[in-house]
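Here are a few friendly notes to read alongside the model.

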Amino acid sequence: MPQVEVSFSPDLYPFYENEEAIVVVIDIFRATSAMCAAFQNGVKEMIPVRRIEDALDYKKKGYVVAAERKGEVVEGFQLGNSPFHYMNDWVKDKTIVITTTNGTRAISMAKRAHEVVVGSFLNASVLADWLCEQNRDVVLLCAGWRGRFNMEDSLFAGCMVEKLAESGNFDEFSDSAHVARQMFEMGKSDMNKYLIDSSHRRRLNGLNLEEDIKYCLQMDVAPVLPVLQNGRLIDLLKEELLP
């Protein structure tokens with residue numbers, strides 16, 4: 001049976017890289033949560049790019065572009081990485097280009113894997129069920145903060161480890177997976193309280209983004225499955241329902 005590993009930072013990912021594995025990219029506050037919210041609200045596809053320069057090139061071509069750095073919308077762009085930016089009817093059926101401080105970097109690093117999928121608390125159960133059906137190794141890649149460990153991404157990794165372990169479909173878990181699961185065991189009864197002193201939470205509070213934090217910690221409110229195909233994220237569940 002397959003194994004589950006957790007990379008607590010993109011800078012550690014080379015030690016876990018496995019081209020036969022499915023990589024779950026995790027950026028809870030807020031990129032992967034925003035992506036799930038976008039697909040839940042009808043976005044057709046999202047194109048993740050690593051650099052602002054790449055985003056500008058797409059903007060010149062007429063694309064709708066989201067750009068975030070240091071928690072804020074980059075000047076000259078209309079969207080950032082807040083889930084609430086995508087809770088509007090006008091995003092339905094749109095293609096949106098997105099670049100963020102940490103999340104799109106992690107997606108770019110993982111692109112050689114067998115499959116890259118976006119994970120958040122918002123789509124946790126749908127994601128876990130799908131992973132259990134694939135019969136492949138799983139690497140849970142935490143986007144962290146500028147290469148550093150962060151609590152919220154690791155907490156979600158622990159949530160996913162718990163779900164995958166309870167399925168019985170996986171027989172090997174790395175030390176990092178066990179540690180992440182222990183974090184989730186400690187924090188799952190009140191994740192908001194558990195993360196109260198986390199650095200990125202304090203950073204976002206300083207930007208008056210408490211509502212974003214509360215939304216991103218909700219479980220299973222956006223049952224979507226954003227998967228990277230040919231450089232674009234699509235909702236695999238929606239694609240499977242198309243005639």
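At what angle do helix H5 and helix H6 pack, and how far apart are their axes?

1. This is a predicted model, in which local features need pLDDT of at least 70, side-chain atom pairs count only at pLDDT 80 or more, and totals for chains, interfaces and linings use all residues. Residues are numbered from 1 along each chain as its sequence is written, and side-chain values use heavy atoms, leaving out hydrogens and water.

2. H5 (residues 124-134) packs against H6 (residues 151-167) at about 45 degrees, and their axes lie 10 Å apart. H5 is therefore oblique to H6 (angles under 35 degrees count as roughly parallel, over 145 as roughly antiparallel, 65 to 115 as roughly perpendicular and the rest as oblique).

3. On the H5 side, the contact (heavy atoms within 4.5 Å) involves Ala124, Ser125, Leu127, Ala128, Leu131 and Cys132. Facing them in H6 are Phe156, Cys159, Met160, Lys163, Leu164 and Ser167. By type, the residues of this contact of H5 with H6 are 9 nonpolar, 2 polar and 1 charged.

4. Now to strand S2 (residues 22-26), where 5 of 5 residues are buried (under 20% relative accessible area, with a 1.4 Å probe and protein chains only). Ile22, Val24 and Ile26 point one way, while Val23 and Val25 point the other.

5. S2 runs parallel to strand S7 (residues 115-119), joined by 5 bridges; Ile26 has Gly119 as its bridge partner there. Another 5 bridges join S2 to strand S8 (residues 138-142), also parallel, with Val138 as the partner of Ile22.

Terms used
Axes are lines fitted to C-alpha atoms, for helices over the stretch in contact, and angles run from 0 to 180 degrees between N-to-C directions. Helices (H or I, at least four residues) and strands (E, at least two) are DSSP runs, numbered from the N terminus. Ala, Val, Leu, Ile, Met, Phe, Trp, Tyr, Cys and Pro count as nonpolar, Asp, Glu, Lys and Arg as charged, and the others, Gly among them, as polar. Buried means under 20% relative accessible area, exposed over 50%, partly exposed in between (1.4 Å probe, protein chains only). Two strands pair if DSSP finds at least two bridges between them.
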